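Hi there,

Here is the structure I said I would pass on.

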Amino acid sequence: SSRNPPSVWLDSHCHVTADEFAEDRAAVLDRAEADGVEAFIGIGSGYGVVHNARAVRLAEQDRRVFATVGVHPHEASELDEASRTQLREWLAHPRVVGVGECGLDYHYMNSPRDVQRTVFAEQLGWAREADLPVSLHVRGDEPDAFGEALDIWRSEGGDALRGVLHCYTGSTEFARRAIDAGLWVSFSGILTFKNADELRATARALPLERLLVETDAPLLAPQGHRGKRNEPAWLTEVGAVLARTLGREIEEVAEATTRNARQLFALPTETT
């Protein structure tokens, strides 16, 4: 048809298997697709190691969803031999396209720092062996968690790793160092918050070919929906703010961030 279809987006980080979506998951994904979100990276970790199974299962059932599996820093203490074996089996699954989210969280400290560091390093080893990208969660005062995460990234992988700093909220300077080390940078609904001028300035300073967009749904609903359950359909609002921030057309930003995500996660060009 000659009518312009909506811009095509890819939600590079969402927890669509979270309990918050138990009642209406199919409708949530359909709503997002109707708004131009054609594919979803369903993050397995973050709700206990066993929860990864849900992401793998959903990706098997729904061609729009690709899964990652891993150990969130909050649950680093949970990793044992049985879950380690299970995770490594999942990493060989054809619908699993990444490791994570994993990294360091020195904000909540749900697992001790040394355990977080060890488990993060181990997962980078899995990513290197499986040639899979990594979705990184880094939280805590710079340069502490950020600097340490990048040190571990370099020592474990150097040039052999690729990955994304999900839900980026750090400094421009750190983002540039991360990009130099083979990382992409992903912006979430936080970019839309009224008080996020500094983060928008960071987005402006970075090359579009290394940027991704995400919702982190059900968390971090964009400005205008704050306090509500976030959903992948609202990715387009993150994308619109990123486009406005960069002074570029929405279509260009949609195309670039989708291409970047497909490249990073080595997705087939067509989802079906």
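Predicted model: local features only at pLDDT ≥ 70, side-chain atom pairs only at ≥ 80, totals over all residues.

Residues are numbered from 1 along each chain as its sequence is written, and side-chain values use heavy atoms, with hydrogens and water left out.

**The sheet**

Eight strands form an open sheet in the order S1-S2-S3-S4-S5-S6-S7-S8, with parallel pairing. (Strands are DSSP runs of E, at least two residues, and helices are runs of H or I, at least four residues, numbered from the N terminus; two strands pair if DSSP finds at least two bridges between them.) S1 and strand S8 (211–213) are the edge strands, each pairing on one side only. From one strand to the next, the twist averages 30 degrees, where axes are lines fitted to C-alpha atoms and angles run from 0 to 180 degrees between N-to-C directions.

S4 then runs parallel to strand S5 (residues 134–139), with six bridges between them, and valine 99 stands opposite valine 134 in S5.

Why is strand S4 (residues 96–105) described as largely enclosed by the rest of the structure? Because 10 of its 10 residues are buried, meaning under 20% relative accessible area with a 1.4 Å probe and protein chains only (exposed is over 50%, partly exposed in between).

**Histidine 13**

Histidine 13 sits in strand S1 (residues 9–14) and is buried, at a relative accessible area of 1%. Its side chain makes a polar contact of 3.5 Å with that of histidine 15 and another of 3.4 Å with that of histidine 166. (A polar contact is a pair of N or O atoms within 3.5 Å; within protein, one must be able to donate a hydrogen and the other to accept it, and residues adjacent in sequence count only if both atoms are side-chain atoms.) Beyond its neighbours within four places in sequence, histidine 13 is in contact (heavy atoms within 4.5 Å) with residues including Ile41, Glu101, Ser135, Glu214 and Asp216.

**Cysteines**

With a disulfide taken as a pair of cysteine sulfur atoms within 2.5 Å, the count comes to zero. For cysteine 14, the nearest cysteine sulfur is that of cysteine 167, 13 Å away. Both are buried: cysteine 14 has 0% relative accessibility and cysteine 167 has 13%.

**The cores**

The largest nonpolar core has 80 residues, and Trp153, Leu165 and Phe187 are among those with the most contacts inside it. (A nonpolar core is a set of buried Ala, Val, Leu, Ile, Met, Phe, Trp, Tyr and Cys residues joined through side-chain atoms within 4.5 Å.) Another core, of 13 residues, lies apart from it, with Leu10 and Trp184 among its members.

Alanine 266 lies in the segment after helix H9 (250–264) and counts as exposed, at 54% relative accessibility.

Best wishes
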